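This report looks at charged side-chain pairs and at one helix contact. The sequence and the model come next, and the reading follows them.

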Amino acid sequence: MQIRVIVAGKPALAYAKAGVEEYLKRLSRAGGHELVVIKAGNREEVSARLLERSQGCFRVALDERGECLSTRKFADRLESLEMRGDVKTMAFLIGAADGHTEALRDQCDLVLTLSPFTLQHELALLVLLEQLYRVASLKSGSPYHRD
């Protein structure tokens with residue numbers, strides 16, 4: 001299963017740029033991960049672009065209203081979707097400052113939260129990439145994750 005992370009706007013903050021680059025480098029060893037940056041804008045424009053770029057994918061909106069999973073449960077959910085066989089690409093959708101529209105959330109297969117806090121989108125991207133790396137390390141048997 002391919003993982004596509006679609007985010008509105010390139011990270012501008014130095015810590016976010018460095019972290020995103022680091023986790024993309026680590027994920028490149030596991031293969032199957034792609035970062036897609038779309039143009040930022042208002043909520044409606046960004047939501048439309050996210051839906052367009054995620055057509056045909058299993059869509060996961062990252063939103064503070066979503067389901068909260070532990071790392072193990074997140075890994076189990078990804079494995080379960082991979083084992084289904086009909087999910088070829090999973091797209092994680094990260095909106096801009098105004099978040100997602102209700103229409104986007106309704107069109108997603110899953111809505112997850114990374115935290116009960118509202119996160120700045122660059123930080124949300126970094127946290128998601130770290131969790132995807134953590135899941136990849138669990139899958140490979142690496143000692144990175146500790147329960």
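Is Lys139 buried or exposed? Lys139 is exposed, with a relative accessible area of 62%, where buried means under 20% relative accessible area, exposed over 50% and partly exposed in between, taken with a 1.4 Å probe on protein chains only. The model is predicted, so that local features need pLDDT of at least 70 and side-chain atom pairs count only at pLDDT 80 or more, while totals for chains, interfaces and linings use all residues. Residues are numbered from 1 along each chain as its sequence is written, and side-chain values use heavy atoms, with hydrogens and water left out.

**Salt bridges**

Across the whole structure, a search finds 10 salt bridges, a salt bridge being a side-chain nitrogen of Lys or Arg within 4 Å of a carboxyl oxygen of Asp or Glu. The table gives some of them.

| Pair | Closest N and O atoms |
|---|---|
| Asp63 and Arg105 | 3.4 Å |
| Arg65 and Glu64 | 3.9 Å |
| Lys139 and Glu82 | 2.8 Å |

Asp63 forms a salt bridge with Arg105. Because Asp63 lies in strand E3 (residues 58–68) and Arg105 in helix H4 (residues 102–107), this pair ties together parts that are 42 residues apart in sequence; helices (H or I, at least four residues) and strands (E, at least two) are DSSP runs, numbered from the N terminus. Both Asp63 and Arg105 are buried. Asp63, Glu64, Arg65 and Arg105 are linked in a network of salt bridges.

**The contact of H3 with H5**

Lys139 forms a salt bridge with Glu82. Lys139 belongs to helix H5 (residues 121–140) and Glu82 to helix H3 (residues 71–84), so the pair ties together parts that are 57 residues apart in sequence. Glu82 is partly exposed, its relative accessible area being 28%.

The axes of H3 and H5, which come within 10 Å, cross at roughly 70°; axes are lines fitted to C-alpha atoms, for helices over the stretch in contact, and angles run from 0 to 180 degrees between N-to-C directions. The two helices H3 and H5 are therefore roughly perpendicular to each other, a label that covers angles of 65 to 115 degrees.

Residues of H3 that meet H5 include Phe74, Leu78 and Glu82, and those of H5 include Leu128, Val135 and Lys139, contact meaning heavy atoms within 4.5 Å. By class, this contact of H3 with H5 has seven nonpolar, two polar and four charged residues, where Ala, Val, Leu, Ile, Met, Phe, Trp, Tyr, Cys and Pro count as nonpolar, Asp, Glu, Lys and Arg as charged, and the others, Gly among them, as polar.

Notes. Angles under 35 degrees count as roughly parallel, over 145 as roughly antiparallel, 65 to 115 as roughly perpendicular and the rest as oblique.
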